[in-house]
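Biologist: I have the sequence and the model open side by side. Can you take me through how the pieces pack? Start wherever you like.

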Amino acid sequence: MKTIILFGIGLLVMTACAKEEALVPSEIKNRYEIKEKSDMDAIDQKIYDIWKTYEIGVWYTDTLGYEDSGRKNPVTGEPIYVYDTIGIIHDIGIVSGLVDIAWTRVDVSTSDKKSKLLPLLNFLDEKLLKFVEESHINIPAIFITQNFTKGTGLKAAKKKVYRGFDYLIVTLEDFNEANKNGYWAEFIAQAGAKKIENYLTEYYLTTEAAIAAVTTYTPWGTRYAQMISGYNGTNPAQDPKNYGFLGLIGTGSAANLMAPNKSEDLNMYLLALLNNTMTQLEAQYAAYPLVIKRFKQLKEILLNNAIDIDELKQQL
């Protein structure tokens, strides 16, 4: 009997040890990791070099990889694979049950078409990701799409850069030498948004307070003619800049133009700061004190968060 009891205790101890060992975690896998391959072309080599430098995965396909599920197709007997994909629609594309985005993949079907990625990759490597590193902004990955539109109908807007679930979308279609500042502005607004969003309250409140004095509508993403009754685009007293907006969104009739949402508003101000000195902006918007106030607010917020617009302009 004593032997049986001792054997049972020993078995319990061994089982407990085995369970304890099983709790030790293995190395956590980074799903965006770029792995070196023996047959990489210039584009894939550049992407791998970016990974080695910044540990940020750059992808131009939404399929990150796949693995054998351990099951087989009951008809063909072929292995069934599980694919790891970037689910843009699932992550950021559903608003009130409806698809709110549109995008297309980059065409890499030939070497010539794939080579069009190189100027954008160079820009990421030499400028944008260097800025990310110096500003201590966390971006796990970048997903390059051909184009990207957020919103539908009157609110549809093409984006150069857009923040996804845990990655940044950067579009290829509009990238060129003359348009780099546009990418910078949207990149700072989207990549740096998490870093500065807690400091933007007063910046947004400047316009919110001005609009609240004349209407109960929220200023962001609202049809401007709803907020400012009778707006037709010709009356100086109804100019959006009187309320701190740099401009309106949309085309066609003045009655259909939209006030920017917060992200679009931030993009406009950043682009203006990148393209002009503060002295130039003060002269250009001398008749609009709220606009000048917001430029100064934003520039101070960025500087307090280690984002020096004047230094960025020198780099460009």
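Modeller: Helices α10 and α12 are roughly perpendicular to each other, because their angle falls in the 65 to 115 degree class; under 35 counts as roughly parallel, over 145 as roughly antiparallel, and the rest as oblique. Helices here are DSSP runs of H or I with at least four residues, strands are runs of E with at least two, and both are numbered from the N terminus.

Biologist: Before the details, what kind of model is this, and how are residues numbered?

Modeller: It is a predicted model, in which local features need pLDDT of at least 70 and side-chain atom pairs count only at pLDDT 80 or more, while totals for chains, interfaces and linings use all residues. Residues are numbered from 1 along each chain as its sequence is written, and side-chain values use heavy atoms, with hydrogens and water left out.

Biologist: Fine. At what angle do α10 and α12 cross?

Modeller: Roughly 85 degrees, with the axes of α10 (residues 262-275) and α12 (residues 289-304) coming within 11 Å. An axis is a line fitted to C-alpha atoms, for helices over the stretch in contact, and angles between N-to-C directions run from 0 to 180 degrees.

Biologist: Which residues meet there?

Modeller: From α10, Asp265, Leu266, Tyr269, Leu270, Ala272 and Leu273; from α12, Val291, Arg294, Phe295, Leu298 and Leu302. Contact means heavy atoms within 4.5 Å. That set divides into 9 nonpolar, no polar and 2 charged residues. Nonpolar covers Ala, Val, Leu, Ile, Met, Phe, Trp, Tyr, Cys and Pro; charged covers Asp, Glu, Lys and Arg; the others, Gly among them, are polar.

Biologist: Now α5. How does α5 sit against α6, parallel or perpendicular?

Modeller: The axes of α5 (residues 118-134) and α6 (residues 180-191) come within 11 Å and cross at roughly 30 degrees. That makes α5 roughly parallel to α6.

Biologist: What about α2 against α5?

Modeller: Helix α2 (residues 42-54) packs on α5 at about 5 degrees, with the axes 10 Å apart. The two are therefore roughly parallel to each other. On the α2 side the residues are Ile43, Lys46, Ile47, Ile50, Thr53 and Tyr54, and on the α5 side Leu118, Leu121, Asn122, Asp125, Leu129, Lys130 and Glu133. The tally is 7 nonpolar, 2 polar and 4 charged.

Biologist: Switching to sheets. What is the strand order in the sheet of 4?

Modeller: β1-β7-β11-β10, an open sheet with mixed pairing. Two strands pair if DSSP finds at least two bridges between them. The edges are β1 (57-59) and β10 (161-163), each pairing on one side only. The twist averages 20 degrees from one strand to the next. Helix α6 packs on this sheet, touching β10 and β11 (168-171), and its direction makes about 5 degrees with that of β10.

Biologist: How do β1 and β7 pair?

Modeller: In the parallel sense, over 3 bridges, with β7 at residues 141-145. Val58 has Ile142 in β7 as its bridge partner.

Biologist: Which strands make the sheet of 3?

Modeller: β6-β8-β9, in that order, open and antiparallel. Strands β6 (101-104) and β9 (157-158) are its edges. Between β6 and β8 (residues 147-150) there are 4 bridges, and Ala102 is partnered with Thr149.

Biologist: Two residues I care about. Lys160: buried or exposed?

Modeller: Lys160 is buried, with a relative accessible area of 19%; buried means under 20%, exposed over 50% and partly exposed in between, using a 1.4 Å probe and protein chains only. Lys160 lies in the loop between β9 and β10. Beyond four places in sequence, Lys160 touches Ile169, Val170, Thr171, Asn179, Gly182, Tyr183 and Glu186.

Biologist: And where is Arg31?

Modeller: In the loop between α1 (2-22) and α2. Arg31 is partly exposed, at 31% relative accessible area.
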